[in-house]
Amino acid sequence: MYLSTFSFRIQHSPGVQPADVKEVVEKGVQTLVIGRGMSEALKVPSSTVEYLKKHGIDVRVLQTEQAVKEYNALVAQGVRVGGVFHSTC
């Protein structure tokens with residue numbers, strides 16, 4: 001399991017960029033769960049998803065409440081998982 005303890009500022013648009021998830025890639029997670037916010041305002045461009053897949057990482061992009069549930073389920077299954085969660089809008 002990997003959950004970064006750092007906080008970073010990402011604008012809703014353009015959203016989560018490949019550079020924003022580089023640390024997660026370097027940690028060797030199998031799956032990255034991205035929470036887009038309670039109203040799904042945070043963008044996750046296809047370039048970010050493609051970057052993660054290119055590195056062999058399964059990507060799950062969900063509304064934040066669902067993302068937290070998915071993250072917890074994956075942890076319970078023993079998956080090496082990382083999470084990026086937008087906690088507001």
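This is a tour of a predicted model, taken selection by selection.

**Before selecting anything**

Residue numbers start from 1 along each chain as its sequence is written, and side-chain values use heavy atoms, with hydrogens and water left out. Because the model is predicted, local features need pLDDT of at least 70 and side-chain atom pairs count only at pLDDT 80 or more, while totals for chains, interfaces and linings use all residues.

**Whole chain**

Colour the chain by pLDDT, the predictor's confidence in each residue, from 0 to 100. The average is 87, and 87% of the residues score at least 70. Now select residues 2-7, where pLDDT stays under 50. The model has 14 contacts beyond four places in sequence for this stretch, contact meaning heavy atoms within 4.5 Å. Where pLDDT is low, the predicted coordinates should not be read in detail.

Switch to cartoon view. The protein chain has three helices and three strands, in the pattern α-β-α-β-α-β along the sequence. Helices (H or I, at least four residues) and strands (E, at least two) are DSSP runs, numbered from the N terminus. Of the 89 residues in the protein chain, 38% are buried; buried means under 20% relative accessible area, exposed over 50%, and partly exposed in between (1.4 Å probe, protein chains only). Among the contacts in the chain with a separation of 6 or more, 76% are between residues 24 or more positions apart.

Go to the pairing of strand 1 with strand 2, which is parallel and has five bridges. Here Thr31 stands opposite Asp58, and Val33 stands opposite Arg60. Five bridges also join strand 1 to strand 3, again running parallel, and there Leu32 stands opposite Gly82.

Show the side chains of strand 1. In a regular strand the side chains alternate between the two faces of the sheet. Thr31, Val33 and Gly35 point one way from strand 1, and Leu32 and Ile34 point the other way. Five of the five residues of strand 1 are buried. In strand 3, four of the five residues are buried, so this strand is largely enclosed by the rest of the structure.

**Helix 2 and the cores**

Next, find the largest nonpolar core, which has 14 residues. A nonpolar core is a set of buried Ala, Val, Leu, Ile, Met, Phe, Trp, Tyr and Cys residues joined through side-chain atoms within 4.5 Å. Select Val16, Val21, Leu32, Ile34, Leu52 and Ile57, the residues with the most contacts inside this core. Helix 1 (22-26), strand 1 (31-35) and helix 2 (46-54) each supply at least two of its residues. A second, separate core of six residues includes Val33, Tyr71, Leu74 and Val81.

Centre on Leu52 in helix 2. Leu52 counts as buried because its relative accessibility is 0%. Beyond its neighbours within four places in sequence, Leu52 is in contact with Val21, Val25, Leu32, Ile34, Ile57 and Val59. Val24 is 28 residues from Leu52 in sequence, with their C-alpha atoms 9.4 Å apart.

**Thr48**

Stay in helix 2 and select Thr48. Thr48 is buried, at a relative accessible area of 0%. A polar atom of its side chain lies 2.5 Å from the backbone oxygen of Val16. Thr48 also touches Gln17, Pro18 and Val21, not counting residues up to four places away in sequence.

**Arg36**

Finish in the loop between strand 1 and helix 2, at Arg36. Is Arg36 buried or exposed? Arg36 counts as buried, with 18% relative accessibility. Leaving aside neighbours within four places in sequence, the contacts of Arg36 include Ala41, Leu42, Val44, Val61 and Leu62. Gln63, Thr64, His86 and Cys89 are also in contact with Arg36.

Notes: Polar contact = N/O pair within 3.5 Å; in protein donor to acceptor, adjacent residues only side chain to side chain. Pairing = 2+ DSSP bridges.
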